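Please examine the model shown below, with attention to its pockets and to one residue in a helix.

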Amino acid sequence: MDAVLESDTGGIGLFRSEFLYLGRNQLPTEEEQFHTYQQILKRMGEKRVILRTLDIGSDKQADYLHLEKEVNPAMGLRAIRLCFQRPDLFRTQLRAIYRASIYGNLGILFPMITSLWELEKVFRICGEVKEKLQTQSMPFRADVPVGIMIETPAAALISDCLVKHVNFFSVGTNDLTQYTLACDRQNEQLERYCDAHHEAILRLIEMTATAAHKHNVWIGICGELAADKEMTAWFLDHGIDELSVSPNNVLELRAYVRQLDK
């Protein structure tokens with residue numbers, strides 16, 4: 001947070017909540033998560049904080065969850081799929097998120113959505129969580145903006161359908177590259193094949209941006225590609241609204257964008 005504020009960022013484009021679950025021996029409680037989210041939102045003030053729900057699986061593992069070993073974990077039980085498999089985890093986190101929502105400018109981001117039925121199930125669970133909070137007289141913001149990550153070709157290809165149900169898109173370029181090019185980004189031998197500038201990646205991003213703006217939904221880019229200055233002009237030309245980069249890249253990238261605007 002210190003680095004974020006020192007860089008005078010426009011907000012937090014991707015709060016990776018899974019790090020609250022890693023490097024420990026037990027699940028974070030609802031209260032622990034609530035206080036963390038609350039502190040972040042208070043410190044950011046009016047600036048937007050995009051909080052991504054639990055994205056564990058693949059290269060991010062927590063032993064105490066006792067997840068089964070998978071031959072291809074990147075294609076397996078991860079992110080929203082794990083949340084559906086373990087609704088107790090999901091509901092606890094959502095309760096903490098909604099309780100904290102009254103303390104700042106929050107957006108909730110759901111990862112690994114590939115189908116409309118998944119999004120509908122997310123909304124159904126969110127509705128149940130909010131209803132329970134209401135019966136317990138716990139304050140929360142009912143209209144928190146909701147977005148999804150576009151990190152698979154499937155999500156990009158049906159972005160014109162998904163966009164009707166969300167407030168924003170966040171393109172996860174690391175996974176989008178991996179899944180589109182059938183290239184394991186954890187395998188160093190495949191580095192030359194993981195080309196984030198590949199025409200297929202750019203076409204999927206362009207398609208998603210077109211769908212977003214047709215429905216007045218904003219779209220951001222996260223992942224390594226967001227800070228790639230070789231892509232900055234292309235992003236601007238194609239109407240990308242937000243670039244989510246690490247705090248130490250903010251000032252340099254902002255200066256570069258201003259240079260392009262001259």
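Predicted model: local features only at pLDDT ≥ 70, side-chain atom pairs only at ≥ 80, totals over all residues.

Residues are numbered from 1 along each chain as its sequence is written, and side-chain values use heavy atoms, with hydrogens and water left out.

The largest pocket holds about 830 Å³ of space. A pocket is here an open set of points on a 1 Å grid over the protein atoms alone, where a 1.4 Å probe fits, with protein on both sides within 12 Å along at least five of seven lines; lining residues have an atom within 4 Å of a point. Points are joined across faces, edges and corners, and the volume is the space filled by probe spheres set on them. Of the 30 lining residues, Gly13, Leu243, Ser244, Val245 and Val250 lie nearest the centre of this pocket. Strand 1 (11-16), strand 7 (242-243) and helix 11 (247-261) each supply at least two residues of the lining; helices (H or I, at least four residues) and strands (E, at least two) are DSSP runs, numbered from the N terminus. The lining comprises 16 nonpolar, 8 polar and 6 charged residues, where Ala, Val, Leu, Ile, Met, Phe, Trp, Tyr, Cys and Pro count as nonpolar, Asp, Glu, Lys and Arg as charged, and the others, Gly among them, as polar.

The second largest pocket has a volume of about 320 Å³. Its lining has 4 nonpolar, 5 polar and 6 charged residues.

Glutamate 30 belongs to helix 2 (residues 30-44). Glutamate 30 counts as buried because its relative accessibility is 17%, buried meaning under 20% relative accessible area (1.4 Å probe, protein chains only). Beyond its neighbours within four places in sequence, glutamate 30 is in contact (heavy atoms within 4.5 Å) with Thr92, Arg95, Ala96 and Arg99.

Terms used
Buried < 20%, exposed > 50% of the residue type's maximum accessible area, 1.4 Å probe, protein only.
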